[in-house]
Amino acid sequence: MNKNNKPDITVSIASYNTRELLRACLTSVVARHEDGEANLQIIVVDNGSSDGSIQMVRDQFSTVELVCSSENLGYGRANNKAFEQARGRYFVALNSDAETPPGALRTLMRFLDEHPEVGAVGPQLVWPDGRLQASHGDDPQLLPIFYEQTFIDKIARRLKPQTEEVASEEPREVEQICGACQFVRSEAYRTVGGYDPAFFMYHEDVDLNIRLRRAGWKLYFVPEAKIVHHLGSSSRSWPQRARMVSALNWSRYFAFYRHEGARSGNALKAMFILGALLRLTIWTLATLRKPSRDNVDKVRLFRRVLRNAVAMKPF
């Protein structure tokens, strides 16, 4: 890509041991540049991968700028690293498990070109078979999380199954856009300081959306733009799942503590302890009836999650 030609969009892809997904992601993004959809600067920030990702990018994508870290910086810090050398009017934080079909990036760019008051937009995320994924929402609230932790949400869905949302192509203002593809005006990203590095994994997108809105920018969901998202494509051991659940819990706790105050943060912590206790009890009883490997692993998983929830601190 011609570095003397200022790009329209900087695409930042943070990756950690996702070589094959990253290959597919880059193939789709590079194609959008080569077919003239937009002038792109593409940056991959590798978070200390050991699966050959770095060599794959060097061998197969010579036009992609590669930033190599010796450690796992986390999602937010990695994207901030990319932004340090970003030259596009727009900055896209794109998951390595996502792909960009023709027209998606152009549609999002055109919307921001036409709406200077909008700081960031999000596309409609879809599964590879075209089914819709949740792509936008409201700011997190305590009550829905309580329902989630106590299984009330699952009981309610069984008693009254939800009808599928009817697909719409009309853009609409929203509180939250999904972090799998956050298409942000570079000026807005710079104004709020980018992602908060305190969030290692999860909820950094929620925090960024809140800070963008508080800085006066609007957020829009633009469903005409479709991005393929492979979400949750790999299986994990119970220690890995425990780390992921605990990281999600802490990130939500920290976000509530910061944006809603200590009382809300501590209430959320109590919910996570209750949720872990309920799940630990359920799987302990299941293990007593049937001591399978899967049941034993779930007991270990929620014992670890419970211990981490009790030890959570906001800073």
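A salt bridge is defined here as a side-chain nitrogen of Lys or Arg lying within 4 Å of a carboxyl oxygen of Asp or Glu. The structure is a predicted model, in which local features need pLDDT of at least 70 and side-chain atom pairs count only at pLDDT 80 or more, whereas totals for chains, interfaces and linings use all residues. Residues are numbered from 1 along each chain as its sequence is written, and side-chain values use heavy atoms, with hydrogens and water left out.

The structure contains 17 salt bridges. One of them joins D297 to R300, with 3.4 Å between the closest N and O atoms. These residues are three apart in helix α11, so about one helical turn separates D297 from R300. Helices (H or I, at least four residues) and strands (E, at least two) are DSSP runs, numbered from the N terminus. Accessibility is described by three classes: buried means under 20% relative accessible area, exposed means over 50%, and partly exposed lies in between (1.4 Å probe, protein chains only). D297, with a relative accessible area of 10%, is buried, while R300, at 37%, is partly exposed.

Helix α11 also holds D294 and K298, which are four residues apart, about one turn of the helix. Their side chains form a salt bridge, with an N to O distance of 2.8 Å. D294 is partly exposed, because its relative accessibility is 41%; K298, at 16%, counts as buried. A salt bridge also links R32 and D35, whose closest N and O atoms are 3.1 Å apart. Here R32 is buried, with a relative accessible area of 9%, and D35 is partly exposed, with 44%.

Two packed helices are described by the angle between their axes and the distance between the axes. Helix α9 (residues 238-260) packs with helix α11 (residues 293-311) at an angle of about 30°, and the axes are 9 Å apart. Helix α9 is therefore roughly parallel to α11. Axes are lines fitted to C-alpha atoms, for helices over the stretch in contact, and angles run from 0 to 180 degrees between N-to-C directions. Angles under 35 degrees count as roughly parallel, over 145 as roughly antiparallel, 65 to 115 as roughly perpendicular and the rest as oblique.

The contact (heavy atoms within 4.5 Å) involves W238, R241, A242, V245, S246 and N249 of α9, together with D297, R300, L301, R304, V305 and N308 of α11. Its residues comprise five nonpolar, three polar and four charged. In this grouping, Ala, Val, Leu, Ile, Met, Phe, Trp, Tyr, Cys and Pro count as nonpolar, Asp, Glu, Lys and Arg as charged, and the others, Gly among them, as polar.

Two further buried residues were examined. F91 lies in strand β4 (residues 90-94) and is buried, with a relative accessible area of 0%. When residues up to four places away in sequence are not counted, F91 touches several residues, including T10, S12, F83, F183 and Y189. Although 83 residues separate F91 from D8 in sequence, their C-alpha atoms are 8.9 Å apart in space. S28 belongs to helix α1 (residues 19-34) and counts as buried at 10% relative accessibility. With neighbours within four places in sequence set aside, S28 is in contact with E99 and T100.
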